Amino acid sequence: QYESGEATQYISRRAALRKLQLSLNDFRRLCILKGVYPREPKHRRRAQKGSSEIKVLYHTKDIRFLLHESIVWTLRDYKIFAKKSSRDRAIKDFRNLKRRLALFPEIKLDHIVKERYPTFIDALKDLDDCLTLLFLFSTFPSLHLIPREQSNLCRRLTIEFLHYVIASKSLRKVFISIKGYYFQAEIKGQKVTWIVPHYYPFKPQSRQEVDFKVMSIFVEFYTIMLGFTNFRLFHGLNLAYPPQFPSSVLQDNEDTLKDEASFVSDRIAALNFELLRTDKVQEDEEELDIDMELLEQDGDSKRIIKMKQEAQEVARLRTLFKGLKFFINREVPREPLVIIIRSFGGKVSWDSSIYPGSTYDESDETITHQIVDRPSLATQYISRDYIQPQWLFDCVNQRQLLPTNKYFLGEKLPPHLSPFVDSKRDTYIPPEEKALLDPSLIETHEQSDDESEDEAEKEEEETVEQELLDAQLQLAYQEETAEYKKYGGVDGVNEDEEDPEEDEEDDDDDEEDELDEKAKRLQQEKQKMSVQSGKVHKVNKRQVHKAEVDEHRLQARMVKPRHRNLFRKLIREKQSKEKEEWLLRKKRRTIEAGEKEARKTAKREARKEAAAAAAKAAKLGK
């Protein structure tokens, strides 16, 4: 028993430690570097050879794979080095200790990177987590488990990657969130998404909620990986690697290491310089035109047209800010804006008296846009637009230069929509996003909000007029029916006014029956043609809900017993989505009602003020 099947396919962590002869920390480090992770078996009891307790299990073949790794010997050398160096310290043999420190064993990770990513495209596919973690560590100060050399290396590698994104103009989407700034670039046909954290002064945490030691192991591997990737990307664009920056920036001395603001300023200043090229020729790299004759052989013309449109949009997006000059005010976060502006062909600068790396002053008359995040400015130039930072993000996501009137100083900004959501999703879609997706919706949501009060007044007037008209029609109908009942004739002639002698002579039973039938027919036709008050059709919600419940029960009965858990899971997901959509709609209605009420009160106050001013003027006139 337990000599075949799942019992031999899995091994516990304790058994793996005995097999590799490593400590738990070294084993964890080895697994992170090699990409070996715990596994969840289908039948845990069988995999644990009858044991019912929860154990951390690994594939047996993964542990055999680790046995042949050369890093295992380096980790064992660390243990030997620690024992021998502690002995030298104890007997105060500092000469031997110095010799041992010079021969400190180092881990080589180059072969692991090549092993885990056989092709360059494989490395690009796994670049999201790498960039996010390195951007995070590039903002950290020197901590107990994070040396200053590691954070400096993360800073240099991330700046190099951003320079590639700027030089290749491969940025496609941007978004501001609570976590940070989301960026998405298209590199070699692969979409790479990463997060740049918001800049806050580092505050050390008293509680150890984050294991920086484990994160530092990931960073150790990712730095080697990103170094290889940057080397390949830079040589693909004929750029010199490593890039040469001016001597005034990225120079780590005592002043910059002590002052965190200057440390961040150097990182931003390094992004505002052109890089050296190996071919000595500055060429505007453009996307290759699509050969329509070759593509039309496939016969799928719709797909070809869509590809051509996408290529044209990307070509326009790459030069979105070409010819524009921006100036960033001191209160605006500069790093994401510098990345965006330079990635789309624009020029950017800031106040040289506060931050290094500026290229022109605020008094430059050729500046087209000044980015400000305050309600007003003392001095303004008529030759430029004063906009809020969101304008840049919205322009990139919509792939066109938007009008600046909605982003002026003190203006209430439009909603910042995420470009990373699916436009055809089944959940709640804001009305602003619907207006962007459907060009037939000419009237925007804001315009409808502004005109809602006028429409409400018009609707009230129309309802009053409609009620009066209904009352008049009802009265006319009642008079008509009363007159018909009074005279009773087919042609509206009173039978009492006719000659009684003629009635007695010409009255026959057959003629009376025919007349009665005709009268009934005419009366029915008049009733059909008459105007009647409409009746409101009330939907019985209880019956509708009961029908839905019955339908759901029938569906549940038709599901096979082995698929019932899956069916219940799908139903729960559907209910949670419906609840989330309902909550979002309710939240939106509450916000809109509050804004509408605020506008009404503002209008009332304005009318009162105008009336008071008019009365005061009239008194002064008298």
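Over the ring of which tyrosine does the charged end of arginine 334 sit? The charged end of arginine 334 lies over the ring of tyrosine 355, 3.8 Å from its centre. It also sits over the ring of tryptophan 350, at 4.9 Å from the ring centre. A charge is taken to sit over a ring if NZ of Lys or CZ of Arg is within 6 Å of the ring centre and within 35 degrees of the ring normal.

The model is predicted, so local features need pLDDT of at least 70 and side-chain atom pairs count only at pLDDT 80 or more, while totals for chains, interfaces and linings use all residues. Residues are numbered from 1 along each chain as its sequence is written, and side-chain values use heavy atoms, with hydrogens and water left out.

Arginine 334 belongs to helix α17 (residues 334-343). Helices (H or I, at least four residues) and strands (E, at least two) are DSSP runs, numbered from the N terminus. In α17, 10 of the 10 residues are buried, so the helix is largely enclosed by the rest of the structure. Buried means under 20% relative accessible area, exposed over 50%, and partly exposed in between (1.4 Å probe, protein chains only). Just after α17, glycine 345 has a positive phi of about 90°.

An open sheet of four strands runs in the order β7-β6-β8-β9 with parallel pairing; two strands pair if DSSP finds at least two bridges between them. Its edge strands, β7 (347-350) and β9 (385-387), each pair on one side only. Neighbouring strands of this sheet are turned by 25° against each other on average, direction ignored. Helix α17 packs on the sheet, where it touches β6, β7 and β8, and its direction makes about 155° with that of β7. Axes are lines fitted to C-alpha atoms, for helices over the stretch in contact, and angles run from 0 to 180 degrees between N-to-C directions. Contact means heavy atoms within 4.5 Å. Strands β6 (residues 325-328) and β8 (residues 369-371) run parallel and are joined by three bridges. Isoleucine 328 has isoleucine 371 in β8 as its bridge partner.

Strand β3 (residues 171-176) is joined to β4 by five bridges, and the two run antiparallel. They form a hairpin with three residues between them. Valine 174 stands opposite phenylalanine 183 in β4.

The largest nonpolar core has 91 residues, of which Trp194 and Phe321 touch the most other members. Such a core is a set of buried Ala, Val, Leu, Ile, Met, Phe, Trp, Tyr and Cys residues joined through side-chain atoms within 4.5 Å. Helix α12 (residues 212-236) gives the most to this core, with nine residues. Leaving aside neighbours within four places in sequence, the contacts of tryptophan 194 include Phe135, Phe161, Tyr182 and Phe183.

There are 19 aromatic pairs in the structure. Rings of Phe, Tyr and Trp (its six-membered ring) pair if their centres lie within 6.5 Å; planes under 30 degrees apart count as stacked, over 60 as edge-to-face and the rest as tilted. The rings of tyrosine 182 and phenylalanine 420 have centres 6.0 Å apart and planes at 55°, so this pair is tilted. Tyrosine 182 lies in strand β4 (residues 180-187) and phenylalanine 420 in the loop between α18 (390-398) and α19 (431-437), 238 residues apart. Phenylalanine 420 counts as partly exposed, at 30% relative accessibility.
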